[in-house]
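Thank you for making time this morning. Please have a look at the structure before I go on.

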Amino acid sequence: MNNQMLRPAAIACCMLLAAPPAARAADPEPAPTPAWTATANVNLVSDYRFRGIDQTWGRPAVQGGADLTHASGFYAGVWASNVSGNVYPGGNLEFDYYGGYNGKINDDFSFTVGGYGYAYPGANVDKAACGSAAYPAPCNLPSQSFGTFEVNGGITWKWISYKLSISATDYFGANTSTGYSSGTHGSLYHDLTVTVPLPDDWSIAGHVGRTDVKAMFGTVNPDYTDWRLTAAKTFQGGWNASLAVIGATNSAFWSPPTGGLSAANSDTRQLNKTTAVVQVGRSF
């Protein structure tokens, strides 16, 4: 075979193999992280408890929400759940709206500041039944909604967090027209929560809360402490489930015969009774 004929081909092959990296196709650039992120969630719970107190008169609740977060830390969202007309006369829905900022101090410390509003469409004290357990006859029911707005701030260290909420309005309609000694803006809620992550996407959490209402209800002090112990697990596809044991103090205010009174009829219920709550949900 003619070596003169092979030589140019061999040289060309070597030149291709020795081509500098710049001559090769560049790897594609990674997609930029979006500035805004939207998420949603839906949950089914066996009983809706808010700060330890029964909101659905012992019945299940369907709950869901949507959140919008910015890469800088700002966030806003909405959330809703069914509630009982025995607790909120004339209403059967709670609609919440909130926003704020989540910041990071370092790898161990973070903080949050924001506002949180609670609305109960259609619910009003004047829609309670005169002669009901909560409002025995004779009665002159005032026009008073249960809507409340709170400002809040909190700090987290690793798996321990503390958050303080301060009511900027009367606390869920509590004022002189509804039997309290004064208005209740400035009422406080202390939230201390410890969440411990475990293997296989399990976690356990313990919570203690304290409600400080800035008024008396007749001769009864409405302040109370609530607590919760939760075991939770997340699954593939955004699914999650939990089992919680929840309770609260101050039976004089929340339990019969002086508390836990239906505003719709003569029913009574121990609204602070310790109970187990099962939750199943999904995040999107």
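Let me begin with a definition: a salt bridge here is a side-chain nitrogen of Lys or Arg within 4 Å of a carboxyl oxygen of Asp or Glu. What you are looking at is a predicted model, in which local features need pLDDT of at least 70 and side-chain atom pairs count only at pLDDT 80 or more, while totals for chains, interfaces and linings use all residues. Residues are numbered from 1 along each chain as its sequence is written, and side-chain values use heavy atoms, with hydrogens and water left out.

By that salt-bridge rule, K214 pairs with D212, their closest N and O atoms lying 3.0 Å apart. K214 is partly exposed, with 38% relative accessibility; for burial, the cut-offs are under 20% relative accessible area for buried, over 50% for exposed, and partly exposed in between, using a 1.4 Å probe and protein chains only. The search of the whole structure gives five salt bridges. Another of them joins R49 to D47 at 3.3 Å, N to O, and here both R49 and D47 are buried.

The one I would ask you to look at with some care is the salt bridge between E150 and R51, where the closest N and O atoms are 2.9 Å apart. This pair links distant parts of the chain, since E150 is in strand β8 (residues 148-157) and R51 is in the loop between β2 (49-50) and β3 (53-54), 99 residues apart.

Y88 belongs to the loop between β5 (74-82) and β6 (93-104), and Y120 to the loop between β7 (109-119) and β8, so parts 32 residues apart in sequence are tied together. Y88 is buried at 7%, and Y120 is buried at 6%. Ring pairs also connect a cluster that includes Y88, Y120, F50, F146 and F172.

Which residues of the largest nonpolar core touch the most other members? Of its 20 residues, they are Y48, Y88, Y120, F146 and F172, and β5 and β13 (239-248) each supply at least two residues of this core. By nonpolar core I mean a set of buried Ala, Val, Leu, Ile, Met, Phe, Trp, Tyr and Cys residues joined through side-chain atoms within 4.5 Å.

F172 deserves a word for its backbone too, having a positive phi of about 50° although it is not a glycine. F172 sits in the loop between β9 (160-167) and β10 (188-198) and is buried, at 15% relative accessible area. N250, in the loop between β13 and α2, likewise has a positive phi, of about 65°, without being a glycine. As background, most residues other than glycine have a negative phi, and most peptide bonds are trans. With that in mind, the peptide bond joining A137 and P138 is cis, with omega about -5°, and P138 is found in the loop between β7 and β8. The bond from P256 to P257 is cis too, with omega near 10°.

Finally, there is one disulfide, meaning a pair of cysteine sulfur atoms within 2.5 Å. This disulfide joins C130 to C139, with an S to S distance of 2.0 Å. C130 is partly exposed at 45% relative accessibility, and C139 is partly exposed at 27%.

Terms used. Helices (H or I, at least four residues) and strands (E, at least two) are DSSP runs, numbered from the N terminus. Rings of Phe, Tyr and Trp (its six-membered ring) pair if their centres lie within 6.5 Å; planes under 30 degrees apart count as stacked, over 60 as edge-to-face and the rest as tilted.
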